[in-house]
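Reader: I should like to learn how to read a protein model of this kind, feature by feature. Would you kindly take me through it?

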Amino acid sequence: MSEMEQIFAADGILAERLAHYNPRSQQLSMAVSVENAIHNKQHAVIEAGTGTGKTFAYLVPALMSGKKVVISTATKTLQDQIFEKDLPTITKALGSPLKVSVLKGRRNYICKHRLDNQVALPSGLSTLEKKQLAHIAEWAVITHKGETTELKEVPETSPIWAQVTSTTDNCLGQACPVYDKCHVVKARKKAITSDIVVVNHHLLLADTRLKEEGFGELLPDADVVIVDEAHQIAELATSVFGTQWNLRRVQRWVKDAQLTALQTQQHVLTRKLDELLKLTRESRLGLQGLSGNMPWSDVPKGFASFLDELHECMSGLTETIKALSDDVEWEALWKRMGGMLAGLEIFTKPLDDKDTAHIRWLDVSHYGYTLHDTPIEISEEFKNLMKTYASSWIFTSATLAVGESFKGFSEPLGIDDAEFSLLDSSFNYQSQSMLMLPKGLPEPNHPNFAVAFTDLAEDLIEASGGGVFLLFTSYRMLNLVADRLRDRIDKDLLIQGQMPRGALLDAFREDGDAVLLGTSTFWEGVDVQGSALRCVVIDKLPFASPGDPVLSAKINAMRERGDNPFMQLQLPQAVISLKQGVGRLIRDEEDYGVLVLCDSRLRSKAYGKTFLKSLPTMPQTDSIEKVRSFYKFYDHG
Ligand code: SF4
């Protein structure tokens, strides 16, 4: 018996030491694949269906290897879950002496230096912000880790956090007067000396790009990188490998410079700083009436002159501040401005029509905008990153394959030398679930779709007795259905936007029979176990909008190469998104429920089969009566 077999066996160490341990063949297979990849210094790509227990399946071989391992996951919540729940459970069960740590982005730690500055000169803050600042200052004296989430009294969304946390460009690094007490420095040092470090994808990718001076890097010493929730890594890498220029960043710089001008009595700068702030606001007004993402070709012609004016004003300020840079604060502000100017220069240059490797685009938000220069392909860069760092990369997620093919995941990342494994869910979908493909619904873009969808939703809510997720691909459809459904059902209707996502999910869990309406944010990372969620209804196949500038540029590039963007890009992406949505239904061996897919193209189009083949095998029906019988069997409805 191999070491992994002994650990994961029905009478093995985990069974002996963990309450409710349940041996699963898929979990053992995954652990063996991870162990082999680490041992042989190879890469592995593993789709592990829901219920496999994939976290333990990679943690056990990672801990047993004795190597330096970086584990990266998608969100801070998942980081906390691995670090606070899963890692302690497994290290205790295995009696592992290894040193483990968690590292988050710098915005998650209080910056003592910026906090001291704000407390000394709290001008420009609202009454509420001043109150919150007082709370933060009190807590900053007693906290050991300095993680902002520890302080529940100040909401995560408060603008005060931006003033008392750091970014790469406003941190003074080793020149900081409180460097020795800095929480970011302490967290990074701990991470660098740990055997196992839990990070998030953004930090993992940014660490290879930013090379933060004086802070050390995480990856150079890593032997193994495990990327969990790996279906998200390509999109994040595309963003990190590109250049962004954000208006709010300039405005935050002005705010910091105003504070430093007050502290250092450089009142002559006030007028120039006000002028820059005014220009930033005017440039946003130049985009009035616009919102969302748009290609550079759609940007109003006059917008370029706003960018030129900003550039000129920022250049002038740089010269003035340079003369003050024997002061450590002004030196940092000068360097920061240099970085922002260099970024802006990319966008003030005329577009090079011959540059087919990048797409330039604009993202307009309520108060600001971000300029983007995004690479169309990232495979070479990602491949090099893998080669440079760590001998073994392991990618895992519940959703990586389309049918049995991993091409949609591996090709964009340039992964061509990995072991690929597809492990089925350990749940019994045949008995725990049912798939309904309703007949007679119009296509989702048809004007009558919302009416027909609402009628069906009403029947399903009545059949299941509630406990329903209605998942939409657009706010428009969500709102149309919410308006129609409101007075027609006697269950609590929880609608995205009514309250924060976490609170909405808590209310849903607590109610037990509620109906939740949500868009993409509820398709992923939502775990409602038990009968509170017993029906998932999806309005439309989740194809990304071809109006998105990056997707549209990728489609054009593929067409020019003679590839088929629909089959090679759009379809695989949509299949992965659908699998994520479907994955919300069965979260436990005791769960049961009906999945309802309302897009009639699943039947009418040839590609419908690709979607259906990628889902777990379930009994299929088009009849609401069968759905009623299903719930009667489970005594609900
Ligand atoms: S080193 Fe940077 S993050 Fe740390 S306290 Fe100083 S300025 Fe803040």
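Reader: Let us begin with A457: is this residue buried or exposed?

Author: The general idea is a cut-off on relative accessible area: buried means under 20%, and exposed means over 50%. In this predicted model, A457 has a relative accessibility of 1%, so the residue counts as buried. A457 belongs to helix α19, which covers residues 449–464.

Reader: How many residues separate A457 from V537 in sequence, and what is their distance in space?

Author: Separation along the chain and separation in space are read as two values. A457 and V537 stand 80 residues apart in sequence, and their C-alpha atoms are 7.8 Å apart.

Reader: What are the corresponding values for F83 and G562?

Author: This pair is 479 residues apart in sequence and 46 Å apart in space, C-alpha to C-alpha. F83 lies in helix α5, residues 76–94. With a relative accessible area of 18%, F83 is buried, because the cut-off is under 20%.

Reader: How should I check the span of helix α23?

Author: One compares an expected span with the distance between the end C-alpha atoms. Helix α23 comprises 18 residues, 565–582, and at 1.5 Å a residue it should span 26 Å. Its end C-alpha atoms are 24 Å apart, which agrees with that expectation.

Reader: Where in α23 does the kink lie?

Author: The kink lies at L571, shortly before the proline P572, and amounts to about 30 degrees.

Reader: How many residues of α23 are buried?

Author: The helix is mostly covered, since 13 of its 18 residues are buried. K579 is in α23, and at 9% relative accessibility this lysine counts as buried. The C-alpha atoms of K579 and A398 are 8.3 Å apart, although the two residues are 181 residues apart in sequence.

Reader: Finally, which cavity holds the ligand, and which residues are around it?

Author: For a ligand, one reads the site first and then the residues of the shell. The ligand sits in the second largest cavity. The residues around the ligand include R106, C111, K112, H113, S166 and C171. Also around the ligand are L172, G173, C176, V178, Y179 and C182.

Reader: How many residues of this shell are nonpolar, polar and charged?

Author: The shell around the ligand divides into seven nonpolar, three polar and two charged residues.

Technical notes
Residues numbered from 1 in each chain as written. Predicted model: local features only at pLDDT ≥ 70, side-chain atom pairs only at ≥ 80, totals over all residues. Heavy atoms only, no water. Near = heavy atom within 4 Å. 1 Å grid on protein atoms, 1.4 Å probe; cavity = no way out; pocket = protein on both sides within 12 Å on 5 of 7 lines; lining within 4 Å. Sits in = over half its atoms within 2 Å of the grid points. Nonpolar A, V, L, I, M, F, W, Y, C, P; charged D, E, K, R; others polar. Helix = DSSP H or I, 4+ residues; strand = E, 2+ residues; numbered from the N terminus. Expected span 1.5 Å × (residues − 1). Bend = angle between axes of the 7 residues up to and from the residue. Buried < 20%, exposed > 50% of the residue type's maximum accessible area, 1.4 Å probe, protein only.
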